[in-house]
Amino acid sequence: MKKISLKTATDENFYKSLNESLDLVLPVKVGYALSKIKKQVDSEVSIFNEQRSKLLKNHCKIDENGELILTENSHATFISPETSKQFSDNIEQLLKIEFEVYPLKLEHLIEAKELKGAYVSGLMPIILEEG
């Protein structure tokens, strides 16, 4: 089965639908597939967050405790305009990174009557429509 590519900056609606779908009682194949996808997505998001934190600490002002110095609006304070640009360029690259997951087959989702339209709509990035 071919895999589907997702970006590390996948839509929040997808994450919400994936998490909420797993709270439902689903057919075994669908529940298993969603659990497996969630585990992989969580791992990728964790790696993304680690890399983002490293970028922030390398490009922003840090206090004596190693914490970011934030503005009154809770934004990071960059060391210089150059580091702000470098951070933006690096984050842009990070957001474009893709990873692959095995898709959910549409035919299996049809069996999962518990998954209403809103869930299915949110899960579209991982649904394979061909049999």
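Q: At what angle do α2 and helix α3 pack?
A: This model is predicted, and local features need pLDDT of at least 70, side-chain atom pairs count only at pLDDT 80 or more, while totals for chains, interfaces and linings use all residues. Two packed helices are described by the angle between their axes and the distance between the axes. Axes are lines fitted to C-alpha atoms, for helices over the stretch in contact, and angles run from 0 to 180 degrees between N-to-C directions. For α2 and α3 (residues 81-96), the axes lie 10 Å apart, and the angle is about 170°.

Q: Why is α2 described as roughly antiparallel to α3?
A: Angles under 35 degrees count as roughly parallel, over 145 as roughly antiparallel, 65 to 115 as roughly perpendicular and the rest as oblique. The two helices pack at about 170°. That angle makes α2, relative to α3, roughly antiparallel.

Q: Which residues of α3 make the contact with α2?
A: Contact means heavy atoms within 4.5 Å. Residues are numbered from 1 along each chain as its sequence is written, and side-chain values use heavy atoms, with hydrogens and water left out. From α2 come F48, Q51, R52, L55, L56 and H59. From α3 come T83, Q86, F87, N90, I91, L94 and L95.

Q: How many residues of each class are in the contact of α2 with α3?
A: Ala, Val, Leu, Ile, Met, Phe, Trp, Tyr, Cys and Pro count as nonpolar, Asp, Glu, Lys and Arg as charged, and the others, Gly among them, as polar. By these classes, the contact has seven nonpolar, five polar and one charged residues.

Q: What span does α2 reach from its first C-alpha to its last?
A: Helices (H or I, at least four residues) and strands (E, at least two) are DSSP runs, numbered from the N terminus. The expected span of a helix is 1.5 Å times one less than its number of residues. With 32 residues, α2 is expected to span 46 Å. Its reach is close to that, at 46 Å.

Q: Which elements are included in what covers the buried residues of α2?
A: Buried means under 20% relative accessible area, exposed over 50%, partly exposed in between (1.4 Å probe, protein chains only). Buried residues of α2 include V30, L34, V41 and F48. Their cover includes β1 (4-7), α1, α3, β2, β3 (104-105) and α4 (106-111).

Q: Which residues touch the most other members of the largest nonpolar core?
A: A nonpolar core is a set of buried Ala, Val, Leu, Ile, Met, Phe, Trp, Tyr and Cys residues joined through side-chain atoms within 4.5 Å. The largest one has 20 residues. Those touching the most other members are F14, L34, V41 and I126.

Q: Which element gives the most to this core?
A: At least two residues each come from α1 (12-21), α2 (28-59) and β2 (98-101). The top giver, with five residues, is α2.

Q: Is S17 buried or exposed?
A: S17 sits in helix α1. Leaving aside neighbours within four places in sequence, S17 contacts A118, Y119, G122 and L123. Its relative accessibility is 4%, so S17 counts as buried.

Q: What is the phi of S74?
A: S74 lies in the loop between α2 and α3. At 55% relative accessibility, S74 is exposed. S74 is not a glycine, yet its phi is positive, at about 65°.
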